[in-house]
Amino acid sequence: EQDVAELSANISKAQNIIVWEYHGTDAAEISNIRASIRQTNGLNRVYKNRLAKIAFTEAGQEEIKEVLTGPNSLLFTFEEDQGSMAALAKAIKANDKLAFKGGYVEGKWYDAANIKEIASLPGKDVLLSMLLSVLQAPLRNLAYSLSQVADAQPSEAAPAAAEVKVEEAPVAEEAPAAEAAPAEEAKTDE
């Protein structure tokens, strides 16, 4: 009953629950996997399948009962970060005796193939930094372009400045002549 109560508490708190198989793996390797999961704030526990089925039935998560056969371990993650799942995915990729069996990600049931895909995704922090990089790219390109214009050789910039002055000069001369003409007409009317 104590194991069922502990498991029920973990089920209710967990963001993700992953079932994985460790048949034929030695204790040292399992210890290394558990240590890597702990470093990423995950929790890995082994429960008797019969007790696990009771706890998941009480929690209303019946789908998991299908995969609770043989030697299983349960990975619980309590945060949005996928670090624990990524650590487990890395261990499973390195050892063909390990395998995902299925699990719940944010309350939704996924089979082993989908869990493997989800575990291979980058974490939230990595995705946010990728998005930020994409958003910064246009500004970075604009800043680079403006710096290239500012750093242009004076010989390249001088003809452009001279052209601007030539175009502005006639406009400035015409304006005083137009103002002077009405004044002369006013004198002739007197």
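Which residues have the most contacts inside the largest nonpolar core? They are L7, F56, I64, L74 and F76, within a core of 18 residues, where a nonpolar core is a set of buried Ala, Val, Leu, Ile, Met, Phe, Trp, Tyr and Cys residues joined through side-chain atoms within 4.5 Å. The model is a predicted one, in which local features need pLDDT of at least 70 and side-chain atom pairs count only at pLDDT 80 or more, while totals for chains, interfaces and linings use all residues. Residues are numbered from 1 along each chain as its sequence is written, and side-chain values use heavy atoms, with hydrogens and water left out.

**Overall layout**
- The chain holds seven helices and five strands, taken as DSSP runs numbered from the N terminus (helices H or I, at least four residues; strands E, at least two), and from the N terminus on the elements run α-β-α-β-α-β-α-β-β-α-α-α.
- Of the 190 residues in the chain, 28% are buried, buried meaning under 20% relative accessible area, exposed over 50% and partly exposed in between (1.4 Å probe, protein chains only).
- Among contacts (heavy atoms within 4.5 Å) between residues at least 6 apart in sequence, 75% join residues at least 24 apart.

- Leaving aside residues up to four places away in sequence, L7 touches Y47, L51, A52, A55, F56, L74 and F76.
- A second, separate core has 17 residues, including I33, I37, L88 and V105.

**Helix α6**
- Helix α6 (residues 124–150) has 27 residues and spans 39 Å from its first C-alpha to its last, close to the 39 Å expected at 1.5 Å a residue, the expected span being 1.5 Å times one less than the number of residues.
- At Q136 this helix bends by about 35°, with a proline, P138, following within four residues; the bend is the angle between axes fitted to the seven residues ending at a residue and the seven starting there.

**Salt bridges**
- The count comes to two salt bridges, each a side-chain nitrogen of Lys or Arg within 4 Å of a carboxyl oxygen of Asp or Glu.
- E6 and R45 form a salt bridge at 3.2 Å, N to O; because E6 lies in helix α1 and R45 in strand β2 (residues 42–45), the pair ties together parts that are 39 residues apart in sequence.
- K65 forms a salt bridge with E62, with the closest N and O atoms 3.0 Å apart; K65 counts as partly exposed at 28% relative accessibility, and E62 counts as partly exposed at 38%.
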